[in-house]
Amino acid sequence: MGTSYKYRRDASRLFIAVRDNEKRFKIYLPKESSPVINGNELDIDFVEQEDFHYAFEWKGKHFQCELVSRDQNKAIVKVNGVEYKYSLESIFSYVRRGMIAGVVDKEIDNSIKAPMPGKIVDLFLGEGDLVNVGEPILTLEAMKMQNEISAECNGVIRKIRVVKGQSVMKDELLVEIQSIDV
Amino acid sequence: MIKNKILIANRGEIAIRIIRSAHKAGLIAVVFQSDRESDALYLQFADEVIMAEDANDDKPIFLNPDKIVALALEHQVDLLHPGYGFLSENPDFAALCIEKGINFVGPSPALIRDMGLKTVAKSMAIEAGLPLVPGSAGPVATAQDAMDFAKKVGFPVILKASAGGGGRGMRIVEKPETLERLFKSAYDEALAAFGNGDIFVEKYLQNPKHLEFQILGDKYGNVIHLGERECSLQRKHQKLIEEAPSASVTEEKRKEMGELAVRFAKKIGYYSAGTIEYIMDEDGSYYFMEMNTRIQVEHPVTEMITGVDLVDWQLKIAQGDQLTLTQEDISINGWAIECRVNTEDPQNRFSPQTGFIDTIQFPKDPAVRIESGVVSGSAVTPYFDSMIAKIIVHGSDREQAIKNTLEALEDFSLIGLKTTVPFCKAVLQHPDFINADYTTRWIDQVYNPEMLENEDDEMIGALAATIMYASEYLQLQGDIPAYANDALNVWVLNKRINY
């Protein structure tokens with residue numbers, strides 16, 4: 001798998017911080033590289049860490065962060081002396097919450113259907129994995145040709161409807177993806 | 001030679017500031033240790049500390065004239081500097097010091113008293129030819145008299161109960177139609193509150209600027225002024241940012257207002273440092289408001305643009321030295337801005353914050369003047385003022401001064417309590433401040449806490465919150481060793497090594 005993708009498989013590293021003004025920050029914390037915030041890998045330097053205090057450097061500026069309060073998934077962080085309120089969600093709870101609120105109906109339409117009849121010869125990802133736009137999800141063999149089917153958005157694989165070796169009809173639902181691009 | 005002793009009957013940054021001048025003057029600096037703040041920073045700067053033992057007193061030592069003087073005598077103090085606030089403008093205290101043979105650093109008690117009585121100060125100002133806000137010569141008998149006056153000076157006007165205070169019996173009249181009704185309600189309210197329904201009428205300045213002229217006078221009748229400061233940025237009469245000079249004062253006006261201030265000080269026989277306050281209307285007309293008979297919080301901006309040390313001069317004048325500076329010696333060099341660092345929450349109606357300062361970091365640029373009464377670890381108590389420090393910055397002109405001040409504020413950080421620094425940053429970037437188009441009503445009318453926020457801080461805050469949340473979340477997921485969420489720290493560690 002190419003390493004140029006922003007997201008790795010591990011969706012448990014993707015979080016959504018929603019500010020009290022409804023602004024959303026989708027934050028992916030890779031193991032060994034800079035964080036990806038709203039789809040942009042940002043060159044943020046982590047310069048200091050103590051309990052409840054973090055300091056970052058970015059764009060030549062210093063950011064002093066202090067956790068002011070924390071109640072379940074709600075947090076108030078003071079950044080350079082000004083407080084901001086967030087509620088925090090893992091991508092799973094975010095999707096679940098969204099499903100309950102009914103707001104993700106159209107987002108879920110990023111599901112992948114078979115473009116032609118054929119046979120699933122390979123599956124690269126599992127349910128719950130994070131997928132990048134353009135990243136191959138499965139191989140569909142049709143008329144002796146192997147076609148890689150790729151994700152059209154960044155998102156989480158919610159459900160895989162097929163198994164390896166299965167034959168599918170045209171337009172049959174293969175994979176449901178929850179987009180995180182919105 | 002025996003060194004003279006000076007007692008500084010104050011605390012915080014101003015105590016340290018005065019000690020600095022006292023040492024330059026070869027004096028032994030003595031301060032009080034209040035039980036309400038027993039390990040305050042200023043104590044470390046003094047040569048001698050007097051235990052105030054004020055834990056069981058109903059007020060701190062700094063507000064207790066008899067105890068101050070008794071302890072001063074016991075410790076054979078020669079001079080007493082009151083600083084600002086507390087008893088600095090209490091004529092009885094100044095008189096008590098002098099009566100007991102302690103040289104009070106300030107003007108004569110009689111003048112402190114006169115200037116403290118607004119009506120006396122104003123009548124003295126009229127005698128000296130200073131302009132006052134147009135007002136009825138005495139109480140107006142009827143609403144019609146008030147109307148005649150209002151028509152003469154123009155609306156809006158303000159109705160004030162002559163016995164008034166605390167806003168009672170006070171009405172702002174925007175237009176003629178409402179005058180009769182408001183006059184009646186002001187009258188009724190004044191009568192009910194004070195047993196006296198006398199009402200004055202004054203022209204009401206809707207968007208005034210607060211300007212003040214610094215003066216220095218000696219005991220031999222020499223008086224000079226050191227230009228003006230603009231202190232329009234204030235909330236409930238508490239200044240938050242001051243600058244010198246003022247963009248609203250032309251060279252011509254500076255000369256005029258300065259000369260009036262000097263004339264007034266000479267006429268009343270003022271000595272020591274003092275401040276003549278004016279308010280300026282949108283059309284540039286200005287009026288005498290009052291005189292402050294002490295060193296002011298914002299004195300450093302004047303020092304920065306004139307190169308004159310005002311506290312040094314206060315001490316010299318008190319000891320009988322002649323003012324060797326003449327008006328011609330005073331020139332204004334560039335621009336200076338002072339930001340007050342108050343432990344107040346600008347996101348929540350400037351409510352005071354008390355507790356501990358975990359870490360405080362000031363700008364390191366030696367050109368930035370820092371006056372601080374605290375260090376990392378200091379406590380901020382509810383007993384005293386919330387101003388913990390001042391950051392004073394110079395620039396070759398106003399634009400440069402604003403830029404330099406912003407840079408200095410970027411280098412300030414305080415962990416533990418909220419301060420007015422984010423507020424100062426927001427103001428310095430606001431077009432109204434940049435265009436010098438701000439008045440004493442700016443905070444009430446324009447300021448909104450959302451001005452403190454910015455997108456970068458908001459995003460980095462989201463990142464910080466997420467890291468804190470994620471470290472717990474990932475531990476709960478069980479795929480991470482429990483010690484210090486190692487997986488997250490890989491990025492952290494890499495970054496640290498590279499940094």
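Biologist: Among contacts in chain A between residues at least 6 apart in sequence, what percentage join residues at least 24 apart?
Modeller: One word of context before the number: this is a predicted model. For chain A, 47% of the contacts between residues at least 6 apart in sequence link residues at least 24 apart.

Biologist: Thanks! And which helices and strands does chain A have?
Modeller: Chain A holds one helix and 17 strands. Its C-alpha trace spans about 65 × 35 × 20 Å along the principal axes. Of its 182 residues, 32% count as buried.

Biologist: With strands on the list, how should I read a sheet? What is the strand order in the open sheet of nine strands?
Modeller: Follow the pairing from one strand to the next. In chain A the order runs β4-β3-β2-β1-β9-β8-β7-β6-β5, and the pairing is antiparallel.

Biologist: Which strands are at the edges?
Modeller: An edge strand pairs on one side only, and here that describes β4 (40–41) and β5 (45–50) of chain A. Look at the β4 end: β3 (residues 36–37) of chain A pairs with β4(A) in the antiparallel sense, over two bridges. To see this at residue level, find A:Val36, whose bridge partner in β4(A) is A:Glu41.

Biologist: Next, domains. Into which domains is chain A divided?
Modeller: The assignment gives domain 1 (11–100) and domain 2 (112–179). The centres of the two domains of chain A, taken over C-alpha atoms, are 32 Å apart. Five residues of domain 1 of chain A are in contact with six residues of domain 2 of chain A. The domain 1 side of that contact has four nonpolar residues, one polar and no charged.

Biologist: Finally, the two chains. How is the size of an interface often given?
Modeller: It is often given as the accessible area lost when the parts come together. Here we can count residues instead: 37 residues of chain B are in contact with 41 residues of chain A.

Biologist: Which elements of chain B give two or more residues to the side that touches chain A?
Modeller: They are β22 (413–415), α12 (421–428), α15 (455–477) and α16 (486–498) of chain B. The largest share, 18 residues, comes from α15(B). By residue type, the side of chain B that touches chain A divides into 23 nonpolar, seven polar and seven charged.

Conventions
Residues are numbered from 1 along each chain as its sequence is written. Chains are lettered from A and ligands numbered from 1 in the order in which they are written. This is a predicted model: local features need pLDDT of at least 70, side-chain atom pairs count only at pLDDT 80 or more; totals for chains, interfaces and linings use all residues. Two residues are in contact if their C-beta atoms, placed from the backbone, lie within 7 Å. Helices (H or I, at least four residues) and strands (E, at least two) are DSSP runs, numbered from the N terminus. Ala, Val, Leu, Ile, Met, Phe, Trp, Tyr, Cys and Pro count as nonpolar, Asp, Glu, Lys and Arg as charged, and the others, Gly among them, as polar. A residue is buried if 20 or more other C-beta atoms lie within 10 Å of its own, exposed if 12 or fewer, and partly exposed in between; C-beta atoms are placed from the backbone. Two strands pair if DSSP finds at least two bridges between them. Domain bounds come from an automatic or database domain assignment.
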